[in-house]
Amino acid sequence: MIAYQNGDNEALEGIYALLKQSLYSFIFRYSRDEQLSIDVVQDTFVKLQRYKYDYNPSKGKLKSYLFQIAYRLMITKLNRRKRWRNLLPFLTPIQTEEFHQLDRMTIREAVAKLPEIQRAVVLLFYYHDLSQEEIAKILGIPKGTVKSRLHIAIKKLKEELERDEYESGSL
């Protein structure tokens, strides 16, 4: 990143190649929306280009910095969508999703059922190996809140997966 800040534009390509997949998978696992995920990753790097001098390596890792940008952009886009859907519900496509439980619920499905605030913490911690401090910075919450959300989310996941095992007759 320092090379990019010093004018080496090829360094940005390296950063993009290194981190785009992690950013995309975080956004996609959170939102379950492929197009939104692609847009947020692109917007994250556009924002990095625009504000490249705002990054300070002494304040944290570049990965955490980019995840923070991506998370905030995603939340903004999701909130904007909710407002539009509330104002103009006839523009929202009718979704007829049928959930056929052919087999046991996967962990991915259980994570997708978590409330948004807990899902983000679980995805960043377990799927992207970020520390609680880094997650707190990305989400803009205290470290203690990260810990409590992780604890509650793990408890909910355990209950959901145990319930699924019981209902499928595996226990």
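In this predicted model, Glu-160 is a buried residue, with a relative accessible area of 15%, and its side chain takes part in a salt bridge with Lys-113, where the closest N and O atoms are 3.2 Å apart. This pair links distant parts of the chain, since Lys-113 belongs to helix H5 while Glu-160 belongs to helix H8 (residues 143-167), 47 residues apart.

The structure holds four salt bridges, and another of them joins Lys-61 to Glu-134, with 3.9 Å between the closest N and O atoms. Here the loop between H3 and H4, which carries Lys-61, is linked to helix H7 (residues 132-139), which carries Glu-134, across a separation of 73 residues. Lys-61 is exposed at a relative accessible area of 56%, whereas Glu-134 counts as buried at 14%.

A further salt bridge brings together the side chains of Lys-77 and Asp-43, at 2.9 Å from N to O. Lys-77 sits in helix H4 (residues 62-87) and Asp-43 in helix H3 (residues 34-50), so that the pair connects parts of the chain 34 residues apart. Both partners are partly exposed, Lys-77 with a relative accessible area of 22% and Asp-43 with one of 28%.

Returning to helix H5, which spans residues 107-113, the reader finds Ile-107 there as well.

Technical notes:
Residues are numbered from 1 along each chain as its sequence is written. This is a predicted model: local features need pLDDT of at least 70, side-chain atom pairs count only at pLDDT 80 or more; totals for chains, interfaces and linings use all residues. Side-chain values use heavy atoms; hydrogens and water are left out. Helices (H or I, at least four residues) and strands (E, at least two) are DSSP runs, numbered from the N terminus. Buried means under 20% relative accessible area, exposed over 50%, partly exposed in between (1.4 Å probe, protein chains only).
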